[in-house]
Amino acid sequence: MKKKFKVEYSMHSSIKVLYTMLSTPWGLTDWFADDVKLEGNVFTFVWDKSEEKAELQAEKENVLVRFHWLSDKDKKSYFEFKITVDELTNDVTLEVTDFAEPKEIEDAISLWNSQIDALRHAIGSI
């Protein structure tokens, strides 16, 4: 059974730019997949010659984007990007929530670390 895990990343970006990179096909193509297509509320992510479809489950402008892989039989699992801003310092944090088998969580976190590095590079915050 999959377990939920969360990873937080400090981001040097405006909220609007970050949100665009997380919620639009062209933004996601810059760092998450080779190509991203959108039909209705279903995003098709393409890597090399494989593709995965994910349904947009929730969205709150400049705050949250949540997807569910259509191939995932666990209807409660999702992956989510949540943007928060510290009221005192104005630091922007990106929280990634995902689900993985307990023995695969470390690998999943490692994959997210490299994906977020690509995101930082795409927004020029490295």
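Contact here means heavy atoms within 4.5 Å. The model is predicted, so that local features need pLDDT of at least 70 and side-chain atom pairs count only at pLDDT 80 or more, while totals for chains, interfaces and linings use all residues. Residues are numbered from 1 along each chain as its sequence is written, and side-chain values use heavy atoms, with hydrogens and water left out.

**View 1. Surroundings of L94.** Residues up to four places away in sequence aside, L94 touches V7, E8, Y9, M11, L18, L22, F81, K82, I83, I116 and L119.

**View 2. The aromatic pair of W31 and F81.** W31 is buried at a relative accessible area of 5%, and F81 is buried at 1%, where buried means under 20% relative accessible area, exposed over 50% and partly exposed in between, with a 1.4 Å probe and protein chains only.

**View 3. Y78 with F99 and R66.** Y78 and F99 form an edge-to-face pair, 5.0 Å from centre to centre and with 70° between the planes; both residues are buried. R66 lies over the face of Y78, at 3.9 Å from the ring centre, a charge being counted over a ring if NZ of Lys or CZ of Arg is within 6 Å of the ring centre and within 35 degrees of the ring normal.

Key: Phe/Tyr/Trp six-rings, centres within 6.5 Å; stacked < 30°, edge-to-face > 60°.
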